[in-house]
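Welcome! Please open the model in your viewer and get ready to select a few pieces with me.

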Amino acid sequence: MTERILHDICAGFSLRTPSFCRHWFHHHTLAYLYDGNMNLRNQCGEELGIKRGDCAFIGCDSYSSLYAEPDESGRCRVAFFSLTRRFLCEFYQTLDEAVRTSDREAPSALHRIAVRPDVESLFHSLSPYFLCGQALPEETARLKMTEAAYLLLNNNQSYATALFDFTSTCKMNMLDLLVEHNSTDFRWKELERDYATNINSLK
């Protein structure tokens, strides 16, 4: 496994074997697959299968199980990009009232985002940093968070409800609370191929 932590908002992994990880996403997060297949499931029972070129939205305070499997390329490459609460609070103040408010229902805490040129542009612009292992400068990280926030709002106005109400509708249950959480890293465990989840069947 190759791990790249570009910033506390951005992490990427290249996995060459079927792998499993549990992670608590404190912030709204976008997950993009450059290669491979992945199945995600949160504590609310929402489940999503994504493949190469797909992007998933993971709502804040989601405790998620992640199953990754290489495709014909021989690897699963995934990037996670988060929008922090502090950034969203500041970003909210810069928006017109018409943009930052919405009476639409917030989207589910786990779903696939329609891949458009702006989504691809965001994640492909991060590729050089992943390849060379260079950390994202603070100023660049903020610009990328602004880009990510706008691509969500331009995709669907209902994201204003999700991003700016600063509450979570998908709560932790008691069993989740008994598990030790680590919000700063992902601890992948390799799975035996014979016992690995068949991710293609879960899409």
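Helices (H or I, at least four residues) and strands (E, at least two) are DSSP runs, numbered from the N terminus. This is a predicted model, where local features need pLDDT of at least 70, side-chain atom pairs count only at pLDDT 80 or more, and totals for chains, interfaces and linings use all residues. Residues are numbered from 1 along each chain as its sequence is written, and side-chain values use heavy atoms, with hydrogens and water left out.

**First stop: the sheet.** Six strands form an open sheet with antiparallel pairing, in the order β1-β2-β9-β4-β7-β10; two strands pair if DSSP finds at least two bridges between them. Select 2–7 and 110–113 to see the edge strands, β1 and β10, each of which pairs on one side only.

**Next, inside the sheet.** Select 28–35 (β4) and 76–83 (β9): these antiparallel strands are joined by 7 bridges. Which residue of β9 is the bridge partner of Ala31? Look for Phe80.

**Now the helix.** Select 117–132, which is α3; this helix lies across β1, β2, β4, β7, β9 and β10, and runs at about 75 degrees to β4. Such angles, from 0 to 180 degrees, are taken between N-to-C directions of axes, lines fitted to C-alpha atoms, for helices over the stretch in contact (heavy atoms within 4.5 Å).

**Last stop: Ser19.** Find Ser19 in strand β3, residues 19–25.
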